[in-house]
Amino acid sequence: MEYAFLLDLGRCIGCQACVASCKVGNELGEGQQYIELIEKTNGEFPNLTGGWDNHRCFHCADAACVTVCPTGALFKEDGLTRLERDVCSGCSYCTEACPYDIPVMYEGKSSKCDGCAATVSAGGSPWCVGTCPSAALEYGPREVIQAEAHKRAEAMRDRYPNAHVYGETQAGGLGLLVVMPDDPELLDIPIDPKTPFMADAWQKVVQPAAVGITLGTAVLAGAAAVISRRNHEQEMVVIEAEGLVRDSEKSEEG
Amino acid sequence: MARIKLDISRRSFLKGGLATGGLALMSPTASIDSAVGMLSADDPWYREGDIKTTYNVCDVCPWRCGVVVHTVNGIVRKIDGNPADPKSRGMLCARGQGGVSFMYDPDRLQSPMIRTGERGSGQFKEVTWEEALDYVAAALLQVKDKYGEEALAVFGHTSGDHWFADHFAQAWGTPNAAKPSSSLCLSPRDEAATLTYGSAVGGHEPVDWDSIQAFTLIGSHIGEDARNTLMQDFANAQARGAKVIVVDPRFSSVAAKADYWLPIKPGTDTALMLAWMNVLITESLYDAAYVEEWTEGLEELAAHVAEFTPDWAAGITDLPAAQIRETALVMAENMPAAAVIPGRHVTWYGNDSQRMRSTYLVNALLGTYGREGGMYFNKSVYLDHYPLPPYTVTGSSGGCSAEPGEESAELPLGPTGKARADGVRESFMRGPTAMQELIDPMISGDPYPIRALVAYGVNLLNSIPNPERTIEALKALDFVVAIDVLPQEHIAWADVVLPEATYLERYEDLWTVPHKTPYIAMREPAADPLYDTKPGWWISRELGMRVGLEDFYKWETIEEWIDKRLVSVGSSLDDMRAQGGVIVQKGKPYLEDFDGASPFHTASGKINLYSEELAEAGHDPMPVYEPTDEPPTGYFRLLYGRSPVHTFAKTQNTPVLNDIDPENEIWVNVDAAEQLGVKDGDYVMLENQDGARSGPVQVKATQRIRSDAVFMVHGFGHNSPGLTRANGKGASDTKLQTRYKLDPISGGAGMRVNFVRLDKEGV
């Protein structure tokens with residue numbers, strides 16, 4: 001069965017209970033977080049709107065991080081994107097591939113929400129969900145979550161006319177369905193998340209070629225060059241998945 | 001309580017496919033392979049090992065949520081909300097989640113210590129408990145012999161404060177016991193409520209959130225001031241479509257959720273309330289039947305507010321008159337299920353009792369009190385006190401969990417005939433002992449000398465305004481003993497330091513919470529105390545036994561004390577444990593529950609729109625708008641508030657919470673910042689009107705605040721090397737509060753009367 005999270009940004013009040021519960025429950029290290037709340041503000045005083053970008057794994061069905069992961073540390077299970085840190089080799093491809101910029105390297109290994117795999121398999125619910133005071137977080141079978149998300153979006157339209165459910169189409173459908181009060185880009189969440197070049201290249205070039213070790217190494221070197229350039233430019237080098245055309249406007253902004 | 005009806009439980013998915021009653025999943029499309037269950041003490045599911053689950057009451061903030069604590073192989077691992085607790089309802093905030101980390105903070109005080117260097121030097125030697133307690137007892141007895149019992153001040157905060165600021169102080173015989181939660185926080189709110197409708201607001205604001213239809217928050221930051229229950233109630237009410245009006249100079253987290261944000265000029269809230277009353281009365285929008293039956297003084301109030309039109313208020317508040325009228329109408333359309341929420345920290349400008357009263361008068365006109373969806377009546381718990389001999393003096397430390405008490409006409413006198421030294425009846429009218437007013441007597445000896453101080457769980461230098469004066473007092477005292485968990489800055493000024501066990505390592509007296517459904521909650525240890533630390537009740541008792549107060553400490557263990565009290569409700573510790581750690585009683589929330597009798601404990605049994613009591617004491621019988629001083633050119637008014645991750649000045653060093661929120665920022669309006677040439681992320685120093693300077697603090701240049709004020713989270717800017725993570729991080733608002741304005745009614749210390757400028761030099 002597929003499971004999913006619900007994140008209701010109409011309710012989220014930025015209290016960080018999820019962040020702390022996640023850190024304590026998952027026994028994360030110093031400086032390690034699977035959830036980060038980022039305050040967003042739009043407009044000019046006093047005509048303002050604001051909200052909280054919950055920067056956390058969206059659990060994409062077509063998960064670019066899983067595609068590029070060479071060791072299988074990242075994998076899909078029950079509709080969620082799991083991470084076995086013990087298996088991670090520290091290549092950091094996932095940090096480049098993610099269209100939402102979620103995984104980070106922590107102590108040499110990938111670090112991101114795994115949907116509280118261990119806790120859930122032991123019979124609990126994900127730590128963030130269990131503690132959320134404003135009931136902005138829920139977890140359950142995907143169909144139940146999807147129905148609840150639509151119910152909530154519908155209910156908030158009096159106040160938020162553009163309320164909708166985010167995540168049904170993005171990246172093949174997300175395992176984190178967001179009840180979005182307004183345009184997601186107001187919270188810097190992309191309407192149409194782009195899989196960067198890395199993931200695409202991996203899928204189309206590296207994997208087919210991986211039978212030949214030499215060739216594979218050569219392409220990996222090329223991929224590493226792309227990574228280092230991106231790091232250098234401090235911005236996404238977005239290659240359109242179909243056209244492999246560099247978005248020159250974007251890179252010049254940086 | 002309106003809970004979200006989702007067909008799944010957020011608590012746990014128990015394996016095994018049993019579907020329990022009404023909680024079963026009822027999705028039309030999904031079939032279920034796991035069913036729901038609630039976490040309980042018998043359900044240790046998330047870790048391998050010897051698992052112990054205990055009940056507790058969270059002490060990280062003063063809201064006191066009931067929690068369930070999981071200990072694995074003797075190590076406390078995780079804290080969750082107790083589903084049976086009426087406050088937490090199974091949920092917990094970030095602060096509460098940080099409790100484990102608070103306990104295992106390696107910076108904790110580890111052993112009793114006696115000072116060896118100068119006061120303030122932080123030089124101590126470790127001693128045994130026996131040595132330390134004997135030393136303290138001898139010092140206290142010496143002060144008593146020389147100056148009388150009243151020369152001892154006892155300051156207490158956090159959940160064991162009862163053992164010191166109430167029990168020990170009253171047994172010993174000093175009326176000079178105080179809690180910061182009174183005059184540095186809630187006193188104006190509760191005194192104004194008592195004067196207006198006969199009872200204090202109480203620790204848990206009695207807002208009938210389940211069915212409220214419109215509400216106003218004035219400078220109240222739900223979500224930033226992370227009261228777990230309030231966040232739950234707010235989210236449900238807002239999602240249900242209740243109208244949200246937020247009055248705040250700052251676009252707070254909750255303002256971003258509001259239907260109406262009123263970015264009011266700081267210090268002018270009373271003008272807004274007077275204009276609302278004007279609209280309600282002149283347009284006949286108030287609840288006439290309710291006002292007729294339950295209030296006194298409408299005629300006077302109508303005449304009083306006649307001139308306070310929205311146009312008048314617009315010029316004062318910097319809000320459009322149309323918006324003032326429109327929001328008054330929104331409240332009226334939804335009455336009586338409409339309320340101005342009392343908020344918590346209200347000591348702002350020194351006229352705070354009158355401001356709070358103005359909000360209560362709006363509520364009275366809306367017919368709010370005792371009505372469904374408005375403000376219900378809290379009922380106190382039925383539970384016997386532990387049988388004790390009469391105390392030597394009746395104290396008045398107040399505190400946010402205090403039962404509403406009677407204000408006695410005659411002040412209680414200590415054994416040598418002295419009443420409270422805080423100037424009550426002279427510099428202010430009434431209310432609990434004002435902590436900040438006890439500092440001067442320590443220095444001046446006026447009206448009589450206070451020569452010794454017991455400080456339990458209070459950060460003396462990051463809560464009482466004008467910390468330089470507090471240091472002067474700490475230098476002047478004959479004897480200071482500090483009982484605490486962490487080496488907070490004032491610890492360096494103590495003669496003896498007694499390290500306390502945290503709330504996770506000790507039993508505690510029962511919590512008796514006045515509430516819609518009054519309830520009793522319990523605390524039991526989740527693990528043995530770390531290091532050489534002891535519970536507060538034990539320290540209080542050991543001291544009491546050494547200073548001749550044996551009659552007040554005839555019990556030997558705290559379990560014995562608790563069980564004795566529980567007999568009166570036919571329960572026991574074991575029984576409470578079996579019941580999920582909480583005993584819930586029946587309340588009387590609404591007018592109709594009183595069978596025609598008045599629930600208002602005023603002389604007339606009615607709500608005093610006009611207050612004879614205030615008039616007799618020489619105060620305005622109805623609230624008047626008084627302008628507060630404006631910031632000098634180049635200065636901003638210093639506003640302060642909370643981070644949802646931190647409590648007061650207590651948790652900045654807690655590893656997990658420090659990791660999430662390591663330092664505060666100074667919020668500056670973007671345009672104002674640009675004019676000053678400072679950018680978002682720059683570090684600046686803050687200097688106040690008296691030249692007091694902060695350490696470096698990061699600028700948050702934002703649209704979210706007016707250009708005449710700056711804002712920072714309270715509690716940062718620690719100056720204590722023992723707090724290895726928090727020391728020197730961010731700025732201390734208390735350090736910049738060299739002034740405060742005394743509320744002449746309640747004795748509250750208004751702290752938003754300080755101004756700062758940003759200084760790029762010296763960073």
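## Interface between chains A and B

Buried area is the accessible area that two parts lose on being put together, summed over both. In this predicted model, the area buried between chain B and chain A is about 4,900 Å². Carbon and sulfur atoms give 57% of that area. The contact draws on 63 residues of chain B and 62 residues of chain A.

Five salt bridges are counted between chain B and chain A. One salt bridge pairs the side chains of B:Arg704 and A:Glu39, at 3.3 Å from N to O. Polar contacts across the interface of chain B and chain A number 20 residue pairs, with both residues at pLDDT 80 or more. On the side of chain B that touches chain A, at least two residues each come from β1 (12–14), β5 (75–81), α1 (94–97), α6 (228–240), α19 (655–660) and β23 (665–669) of chain B. The most come from α6(B), which supplies eight residues. Sorted by class, this side of chain B has 32 nonpolar, 16 polar and 15 charged residues.

## B:Glu665 in strand β23

B:Glu665 belongs to strand β23 of chain B. With a relative accessible area of 32%, B:Glu665 is partly exposed. Leaving aside residues up to four places away in sequence, B:Glu665 touches B:Val697, B:Gln698, B:Lys700, B:Phe711, B:Met712 and B:Val713. B:Asp680 is 15 residues from B:Glu665 along the chain, and their C-alpha atoms are separated by 10.0 Å.

## Salt bridges

Over all chains, the structure holds 61 salt bridges. In chain A, the side chains of A:Glu154 and A:Arg157 meet at 2.6 Å, N to O. A:Glu154 is exposed, because its relative accessible area of 52% is over the 50% cut-off. A:Arg157, at 30% relative accessibility, counts as partly exposed. A further salt bridge joins A:Lys194 to A:Asp192, at 3.2 Å from N to O. A:Lys194 is partly exposed, with 32% relative accessibility.

In chain B, B:Arg108 forms a salt bridge with B:Glu505, and their closest N and O atoms are 3.0 Å apart. This pair links distant parts of the chain, 397 residues apart. B:Arg108 sits in the loop between α2 (99–103) and β6 (113–115) of chain B, while B:Glu505 sits in the loop between β17 (496–499) and β18 (511–513) of chain B. Both partners count as buried because the cut-off is under 20%: B:Arg108 has a relative accessible area of 3% and B:Glu505 is at 2%. Elsewhere, salt bridges that share partners join A:Asp8, A:Arg11, A:Glu138, A:Glu148, A:Lys151 and A:Arg152 into one network.

## Covered helices

Helix α1 (residues 17–25) of chain A is largely enclosed by the rest of the structure, because nine of its nine residues are buried. Among the buried residues of α1(A) are A:Cys18, A:Cys22 and A:Lys23. The cover over the buried residues of α1(A) includes elements of both chains: β2 (36–44), α5 (127–131) and β8 (137–141) of chain A, together with β5, α1 and α19 of chain B. Just after α1(A), A:Glu27 has a positive phi of about 50°.

Helix α15 (residues 536–546) of chain B is mostly covered, with eight of its 11 residues buried. The buried residues of α15(B) include B:Trp537, B:Ile539, B:Arg541, B:Glu542 and B:Leu543. The buried residues of α15(B) pack against α3 (129–147), α4 (162–172), β16 (479–484), β17 and α16 (558–566) of chain B. After α15(B) comes B:Gly548, with a positive phi near 85°.

In soluble globular proteins, nonpolar side chains tend to be buried together. Here the largest nonpolar core has 145 residues, and B:Phe155, B:Phe215 and B:Trp276 have the most contacts inside it. Helix α7 (residues 269–282) of chain B gives the most to this core, with 10 residues. Not counting residues up to four places away in sequence, B:Trp276 touches B:Thr216, B:Ile245, B:Ile324, B:Thr327, B:Ala328, B:Met331, B:Val340 and B:Val362. Another core, of 53 residues, lies apart from the largest one and has B:Ala132, B:Val143, B:Tyr456 and B:Ile558 among its members.

Conventions. Residues are numbered from 1 along each chain as its sequence is written. Chains are lettered from A and ligands numbered from 1 in the order in which they are written. This is a predicted model: local features need pLDDT of at least 70, side-chain atom pairs count only at pLDDT 80 or more; totals for chains, interfaces and linings use all residues. Side-chain values use heavy atoms; hydrogens and water are left out. Contact means heavy atoms within 4.5 Å. Buried area is the accessible area (1.4 Å probe) that two parts lose on being put together, summed over both. A salt bridge is a side-chain nitrogen of Lys or Arg within 4 Å of a carboxyl oxygen of Asp or Glu. A polar contact is a pair of N or O atoms within 3.5 Å; within protein, one must be able to donate a hydrogen and the other to accept it, and residues adjacent in sequence count only if both atoms are side-chain atoms. Helices (H or I, at least four residues) and strands (E, at least two) are DSSP runs, numbered from the N terminus. Ala, Val, Leu, Ile, Met, Phe, Trp, Tyr, Cys and Pro count as nonpolar, Asp, Glu, Lys and Arg as charged, and the others, Gly among them, as polar. Buried means under 20% relative accessible area, exposed over 50%, partly exposed in between (1.4 Å probe, protein chains only). A nonpolar core is a set of buried Ala, Val, Leu, Ile, Met, Phe, Trp, Tyr and Cys residues joined through side-chain atoms within 4.5 Å.
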